[in-house]
Amino acid sequence: MTKILKGFSLLVRIMDEIDKLKNENIAQKENCEFCKEAGLKTGQKTSYGSVIIFRIGSDKDGWFATLSPRTGGDPTKNFTLQLMPFSHLTHFSQMNENSAKNFGIAFAKLSDAMSRIMAKNPALTAMADNRDNGIALAIYGKCTTWKEKKEHLHIKLFQFRDRLSQPSVVDSTFGRKEIFNDGKEDYVKMKPVKKIAITNVNEIAKELINILTDFSTKKSVNGDDYD
Ligand SMILES: [Zn+2]
């Protein structure tokens, strides 16, 4: 095949696969938990005990966030948030411009609210000497495209401390972990993480909702309004 033909067939392939992603039906699905939760109001609880703490945008371009009832960190101090689109998006690339704007605002607001609650703990500081005492945040989200794992997008925001501050597979520190071998395969050691119910879910939810509601009146560092 000539170079031009090869280039052309590659272009067709990219357009074909991206078209399939972009043209997926993103209407809310009856059998999807997250689509059902998208209809709940701020302050309401889901069937598994998480609380809706934030909503932004319309059905087509909006996002909502929940406070999870369980954490893999210290259940008296740690908590995890989850951010999801109202539409049944399964891939980050399916966001339209307004959806992307709302996603950015939601992410900024949730990060701010989480940090403010963490800062109430006198042990946590903006510049800590060790990883367990910092107001450190992390996010985790993925969009998988194989059939049995094609799910409604959900992004977790969590406090990057306790056992939740272990290196992720994309970190260089993960690559530098000592490699062991059990006679069959190589492996690295990770500390186990067990999810436990947080002790004050209603109290934290209320605090988060208050901060998030009040956020529009706050200024960013450079003085610009977020809204
Ligand atoms: Zn869904």
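Where does Pro69 lie? Pro69 is in the loop between E2 and strand E3 (70-71). Here are some notes to read alongside the model.

1. **Ground rules.** This is a predicted model, in which local features need pLDDT of at least 70 and side-chain atom pairs count only at pLDDT 80 or more, while totals for chains, interfaces and linings use all residues. Residues are numbered from 1 along each chain as its sequence is written. Helices (H or I, at least four residues) and strands (E, at least two) are DSSP runs, numbered from the N terminus.

2. **The whole chain.** The protein chain has five helices and nine strands, and along the sequence they follow the pattern α-α-β-β-β-β-α-β-β-α-β-β-β-α. Along the principal axes, the C-alpha atoms of the protein chain fill a box of roughly 65 × 55 × 40 Å. Of the 227 residues in the protein chain, 22% are buried. A residue is buried if 20 or more other C-beta atoms lie within 10 Å of its own, exposed if 12 or fewer, and partly exposed in between, with C-beta atoms placed from the backbone. Among contacts in the protein chain with a separation of 6 or more, 58% are between residues 24 or more positions apart. Two residues are in contact if their C-beta atoms, placed from the backbone, lie within 7 Å.

3. **The sheet.** Five strands form an open sheet in the order E1-E2-E4-E6-E5, with antiparallel pairing. Its edge strands are strand E1 (51-56) and strand E5 (137-141), each of which pairs on one side only. On average, neighbouring strands of this sheet are turned by 20 degrees against each other, direction ignored. Two strands pair if DSSP finds at least two bridges between them. As a reminder, strands of a sheet pair through backbone hydrogen bonds, either parallel or antiparallel.

4. **Strand E6 and its partners.** Strand E4 (residues 80-85) and strand E6 (residues 155-159) pair in the antiparallel sense over four bridges. Gln82 has Lys156 as its bridge partner in E6, and Thr80 stands opposite Phe158 in E6. E5 and E6 also run antiparallel, joined by five bridges; here Ala138 stands opposite Phe158 in E6. Four of the five residues of E6 are buried, so E6 is largely enclosed by the rest of the structure.

5. **Helix H3.** Helix H3 (residues 97-119) has 23 residues. From its first C-alpha to its last, H3 reaches 33 Å, close to the 33 Å expected at 1.5 Å a residue. That expected span is 1.5 Å times one less than the number of residues. The buried residues of H3 include Phe103, Leu110 and Met114, and also Asn102 and Lys109. Together, the buried residues of H3 pack against E1, E2, E4, E5, E6 and H5.

6. The axes of H3 and H5 come within 9 Å and cross at roughly 125 degrees. Axes are lines fitted to C-alpha atoms, for helices over the stretch in contact, and angles run from 0 to 180 degrees between N-to-C directions. H3 and H5 are therefore oblique to each other; angles under 35 degrees count as roughly parallel, over 145 as roughly antiparallel, 65 to 115 as roughly perpendicular and the rest as oblique. At this crossing, Lys109, Ala113, Arg116 and Ile117 in H3 meet Ile204, Glu207, Leu208, Ile211 and Leu212 in H5.

7. **Back to Pro69.** Pro69 counts as partly exposed because it has 19 C-beta neighbours inside 10 Å. Leaving aside its neighbours within four places in sequence, Pro69 is in contact with Tyr48, Gly49, Ser50, Ala197, Ile198 and Val201. Pro69 and Ala197 are 128 residues apart along the chain, yet their C-alpha atoms are separated by 5.6 Å.

8. **Ile56.** Ile56 is in strand E1 and is partly exposed, with 17 other C-beta atoms within 10 Å. Not counting residues up to four places away in sequence, Ile56 touches Gly62, Trp63, Asn102, Ile105 and Ala106.

9. **A backbone angle to look at.** Asp162 is found in the loop between E6 and helix H4 (172-175). Although it is not a glycine, Asp162 has a positive phi of about 55 degrees. Most residues other than glycine have a negative phi. Asp162 is partly exposed, with 18 other C-beta atoms within 10 Å.
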